[in-house]
Each structure stands twice: as C-alpha cells, then as structure tokens.
Amino acid sequence: MEFLKTSVIPHFNYWVYVILMMIGLHAMITKNNLIKKLVGMTIFQTAIILFYVSIGVKSGSTIPILEHHHDDHAEVAAADAHHGEPAESDHDSDAVNPDHFANPLPHVLMLTAIVVGVSTLGVALAVSQSIFKDFGSLEEDEILEKIKQGGAAIDD
Amino acid sequence: MIVPFDIIILIFLVITAVISLRVRDLLSATMILGVYSFLICLLWAEMGAVDVAFTEAAVGAGVSTVFMIATIYHTRRRSSD
C-alpha cells in the first residue's frame with residue numbers, strides 16, 4: 001500500500017507507458033496475423049510518445065500559449081531610449097514565467113513522431129497487401145509454409 | 001494536469017489496447033484501435049499538449065483507421081489469433 005502511494009500513483013504515466021510498450025512488443029513478437037502485428041506496432045509507438053509528452057508536464061501549468069501578446073517593437077524602442085540602464089528591472093512584472101506553461105519542446109518532437117508513425121503504418125499495410133496478393137494469406141505460419149514449399153513460384 | 005482524469009484515461013487506454021489485440025475480427029480490432037487513439041488524444045489535451053492532441057485526432061485516429069480498413073477490405077477479415 002505504501003509502495004502504491006509513494007511510487008505508483010505519482011508516476012502513473014510512466015507505469016502505463018511501460019505496460020503499453022510491453023503489450024505492443026509482445027503483440028509484435030507473438031501474434032500470427034500481420035495486421036495484428038501492426039496494431040501492436042501502433043501501440044508501441046504511442047507508448048513512446050506518451051513517455052516523451054509526460055516529461056513535459058508540470059503540475060499547475062497550462063498549455064504553452066501566450067495569452068497577452070504585447071508589442072515587442074515598442075519594448076525594444078523603450079529599451080533603446082534608456083540606454084545603459086539594466087533592461088530587466090523595469091519590465092519584471094510582464095515577463096513570462098516558464099513555470100506556468102508545459103514544456104513545448106517534447107510536444108514538437110512528438111508531432112514529427114506521429115507523422116512518421118502513420119507513414120510507416122501506411123508502407124507496412126501496402127507491403128501486407130502485396131504479401132496477400134502473392135501468398136493468399138496474412139497468417140505468418142501459412143506464408144512460411146508456402147515459402148518452404150517453394151511457393152516463391154508465385155502466380156504472377 | 002488533472003490527476004483523477006489522467007488515471008481514468010490511462011486505465012481505459014490499457015483496457016482498449018488489450019481488447020484490440022485479443023479480438024479475432026480485424027475490423028473490430030481496427031475500430032477499437034480508433035477508440036484507443038481518441039483516448040490518447042484526450043490524454044494529451046489533458047496534459048497540455050494540444051498540438052499533439054489534434055494531430056493525433058486527425059492523423060492517428062482518422063487516417064490510420066482508414067488505411068487499415070482499406071487493407072482489410074482488400075484482404076481477409078478473419079484473424080487466427
């Protein structure tokens with residue numbers, strides 16, 4: 001119970017990330033159907049993305065978008081006007097505090113990972129259709145049996 | 001981040017992942033994978049990653065489901081496991 005309170009609940013995202021990754025890996029290794037292997041691959045990829053997005057979370061933070069966007073040029077002109085004075089002292093009040101926002105860097109990296117994941121899924125499904133056309137099955141054992149019988153003499 | 005919401009979504013995520021791998025009908029598996037994608041999209045909106053959330057909703061849940069349905073239409077719907 002103490003273990004649950006100290007290590008599972010505060011890091012629940014990471015526990016589920018590991019569980020989902022192992023579910024996906026197990027499916028990719030043991031499933032016989034090629035489409036089922038691809039479902040496992042999708043789950044594996046989203047588990048990794050879940051890990052990276054969980055890194056960027058801060059407690060009490062909001063989405064990384066500035067609500068009050070003030071005019072930068074006016075500020076630069078004002079800083080030029082008081083030349084030589086430390087610029088930080090006079091606009092401390094409207095400075096953006098990064099503690100109030102989730103870290104957007106892992107989000108942006110994972111945006112690329114989602115798109116790459118869908119393109120790998122598309123290529124894998126196209127290869128699966130090609131395999132089905134050649135061997136008449138999507139089951140791994142039937143395909144291996146046909147290859148062993150010299151079924152590479154495909155009806156093309 | 002809202003912790004109770006987070007925990008509920010994560011539990012449903014594991015359940016849908018297991019069901020989509022256990023079910024023998026591939027079209028059902030694809031549909032449950034779409035449910036999984038929408039749940040993880042909800043999770044990302046809740047964790048503050050709104051850009052990842054709407055990309056997942058459009059690309060992960062939409063396009064990949066369509067790809068898989070097209071493949072199942074051109075091949076076989078039954079799976080041995």
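How many helices and strands does chain B have? Chain B has three helices and zero strands. Here helices (H or I, at least four residues) and strands (E, at least two) are DSSP runs, numbered from the N terminus.

## About the model

This is a predicted model, in which local features need pLDDT of at least 70, side-chain atom pairs count only at pLDDT 80 or more, and totals for chains, interfaces and linings use all residues. Residues are numbered from 1 along each chain as its sequence is written, chains are lettered from A and ligands numbered from 1 in the order in which they are written, and side-chain values use heavy atoms, with hydrogens and water left out.

## Chain B as a whole

Read from the N terminus, the elements of chain B run α-α-α. The chain has 81 residues, and 52% of them are buried. Buried means under 20% relative accessible area, exposed means over 50%, and partly exposed lies in between (1.4 Å probe, protein chains only).

Take the contacts in chain B with a separation of 6 or more: residues 24 or more positions apart account for 63% of them. A contact means heavy atoms within 4.5 Å. Chain B exposes about 3,700 Å², and carbon and sulfur atoms supply 75% of that area. Accessible areas come from the Shrake-Rupley method with a 1.4 Å probe; for residues, only the protein chains shown count as cover.

## Helix 2 of chain A

Helix 2 of chain A covers residues 12-30. Its 19 residues should span 27 Å at 1.5 Å a residue, and its end C-alpha atoms are 27 Å apart, which agrees. The expected span is 1.5 Å times one less than the number of residues.

Which residues of helix 2 of chain A are buried? They are Phe12(A), Asn13(A), Val16(A), Tyr17(A), Leu20(A), Met21(A), Ile23(A), Gly24(A) and Ala27(A). The face turned away from the buried side carries the exposed residues His26(A) and Ile29(A).

## Two salt bridges

Over all chains, the structure holds two salt bridges. A salt bridge is a side-chain nitrogen of Lys or Arg within 4 Å of a carboxyl oxygen of Asp or Glu. Lys37(A) and Glu140(A) form one of them (3.4 Å, N to O). Lys37(A) lies in helix 3 of chain A and Glu140(A) in helix 6 (residues 140-148), so the pair ties together parts that are 103 residues apart in sequence. Lys37(A) is buried at 16% relative accessible area, while Glu140(A) is partly exposed at 31%.

Asp25(B) and Arg77(B) also meet in a salt bridge (2.9 Å, N to O). This pair links distant parts of the chain, 52 residues apart: Asp25(B) sits in the loop between helix 1 and helix 2 of chain B, and Arg77(B) in the segment after helix 3. Asp25(B) is buried at 15%; Arg77(B) is partly exposed at 43%.

## Ser79(B)

Is Ser79(B) buried or exposed? Ser79(B) is buried, with a relative accessible area of 7%. Ser79(B) lies in the segment after helix 3 (50-74) of chain B. Leaving out residues up to four places away in sequence, Ser79(B) touches Asn33(A), Lys36(A), Glu139(A), Arg24(B) and Leu26(B).
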